[in-house]
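Please look at the sequence and the three-dimensional structure shown below. The paragraphs that follow lead through a selection of helices, cores and individual residues.

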Amino acid sequence: MRVGAYTWALFAIVVVGTGLGGMTQTALNTVAAVVLEDLHTDIGWGQWLTTIYIFAMGAAVPLASFLQRRFSIKALMLFSFTFYLAGSLCDLGAVNFAMLIIGRVLEALATGVLMPLLQTIAMTRFPEGRHGTAMGIAGISLGFAPNIGPTLGGALCQFAGWRFMFLILVVASAILVAATLLIVREKEAEEPAARLDGASLLLSTVGFGGLLLGFTAAANEALASPLVWLSVAVGVACLVVFVKRQKRMSRPLINLGIFKHREYRVSLLAQCLLYACFVGMTLIIPLTLIDGAGHTTLEAGFVLFPGAFAALVFEPGAGVATDRFGARKVAIFGGIFLSVGAVGIALVPLDAPLWVPALFQTLRCIGLTSLIPTTTAYGLGVLGKQGLTADGSATLIMSRQISASLATAVMVFLIVTLAESSFAGAGYHAVLGFSGLMALLCLIVVGTGVGSSFRKEESNKEGISS
């Protein structure tokens, strides 16, 4: 079974669009101070540039299954790219912080719709023997784009100003809208009469959003702050009610039958540990090198760059390898590289030559980008025959976002708590050690839980063509 040119074109448009969302999410991380100063806003509001994005995206993701039943692929793509365009225009012309936030919300809603759609297309439009390849390509926008965002945002801000970044997004969004109108043919919805359960939407939005908001706020606020504990408490309570409601409904917002499949449970746990391991490291490692070791920003960037380049190469390569050799071998390969890199960089002394942390960070990125497409294809692959791909994709995305937010809060807590330690760089080493622990746990999960999704011989019998 060949993958036609139209499927590749459709897939490419969604990959590029999702990549824009991934970069937009993190691009302001390194230039927040400049943006806030230009908009005459106190630096304390800077965290909301990321927090509001995560919250809005968290509100959109649980809707994925319903939206993909209720609307056609073309309609969802036009909705997302139009929101990107509107949000980018809003940010480009922002005269105050509120206008910038509105733009960020629109961009986040678009990303929240596109991310599950991308994974659904990868797992339903490609034959079983090409799921790994498709997820490897999708991983460029899901893994590489967010990691390169801060570097790209900083470079554009330095050489052309922060608004130039949003000008590029405006042009790119307009091109994506035009490409969707000209190329995408799907105009029919799977279930046009589908009705949205408002109570489930409210519970999921407040539940997932509360956890994301609470864990994200914990990175900057005291644990006793109502923004932290109250958000988490309300989020947990709403999710408990949400789960009970979904079990009683004939057409739930998220079908919890996804958890009956062992492969999916293993994939979800592995990805939660994976995201806990690496999200935040693009901030923590530069802080360790700059504040702890006295290196310059440029030198810290050189440490991260080889890993980012390796991610661009290994992500699609891992997908192809999964299709050829099976998920288990690639997952164990990725888990070993992730663990060696994460544990190794935690043991590197602050006065070590820069090539040493750069080497371990590169090994970790190789492991990371080998695991993302492999575990995603492995977990979602068993859901397709039951029509649960969209439900599994949305839950996977939300779970790893929550895990990443919680891990980031733990990392910041360790840095602050150990700031007064007599041991130089104790906080940073503790954070890197925590990341190493998550990597080792991830290796254990994939080593004991992941089996080969299929054998090469079977794919050859099916006549799958590359």
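Helix α5 (residues 73–92) and helix α8 (residues 162–183) pack with their axes 8 Å apart and at an angle of about 160°. Helices (H or I, at least four residues) are DSSP runs, numbered from the N terminus; axes are lines fitted to C-alpha atoms over the stretch in contact, and angles run from 0 to 180 degrees between N-to-C directions. The helices α5 and α8 are therefore roughly antiparallel to each other, a term for angles over 145 degrees, whereas angles under 35 degrees count as roughly parallel. The crossing of α5 past α8 is left-handed, a word used if the near helix is turned anticlockwise from the far one by less than a right angle.

This is a predicted model, in which local features need pLDDT of at least 70 and side-chain atom pairs count only at pLDDT 80 or more, while totals for chains, interfaces and linings use all residues. Residues are numbered from 1 along each chain as its sequence is written, and side-chain values use heavy atoms, with hydrogens and water left out.

Which residues of α5 meet α8? Among them are M77, F81, Y84, L85 and S88 in α5, and the residues they meet in α8 include F166, V170, S173 and V177; contact means heavy atoms within 4.5 Å. The residues of this contact of α5 with α8 divide into 16 nonpolar, four polar and three charged. In this division Ala, Val, Leu, Ile, Met, Phe, Trp, Tyr, Cys and Pro count as nonpolar, Asp, Glu, Lys and Arg as charged, and the others, Gly among them, as polar.

S173 belongs to helix α8. Is S173 buried or exposed? S173 is buried, because its relative accessible area is 1%; buried means under 20% relative accessible area, exposed over 50%, and partly exposed in between (1.4 Å probe, protein chains only). Not counting residues up to four places away in sequence, S173 touches F81, Y84, L85 and S88.

A second pair is formed by helix α9 (residues 198–217) and helix α16 (residues 389–417), whose axes are 8 Å apart and which pack at an angle of about 20°. That angle makes α9 roughly parallel to α16. The crossing of α9 and α16 is left-handed. F208, L211, L212, F215 and T216 of α9 make the contact with M398, Q401, I402, S405, L406 and A409 of α16. By class, this contact of α9 with α16 has eight nonpolar, three polar and no charged residues.

The largest nonpolar core has 85 residues, and F11, M77, F81 and L100 are those with the most contacts inside it. A nonpolar core is a set of buried Ala, Val, Leu, Ile, Met, Phe, Trp, Tyr and Cys residues joined through side-chain atoms within 4.5 Å. Helix α6 (residues 97–124) provides the largest share of this core, 13 residues. Apart from this core lies another, of 44 residues, including I284, I285, L304 and A342.

Two loop residues complete the tour. G93 lies in the loop between α5 and α6 and counts as partly exposed, at 35% relative accessibility. H40 is placed in the loop between α2 (32–38) and α3 (47–60) and counts as exposed, at 75% relative accessibility. Most residues other than glycine have a negative phi. H40 is not a glycine, yet H40 has a positive phi of about 55°.

Technical notes: Angles under 35 degrees count as roughly parallel, over 145 as roughly antiparallel, 65 to 115 as roughly perpendicular and the rest as oblique.
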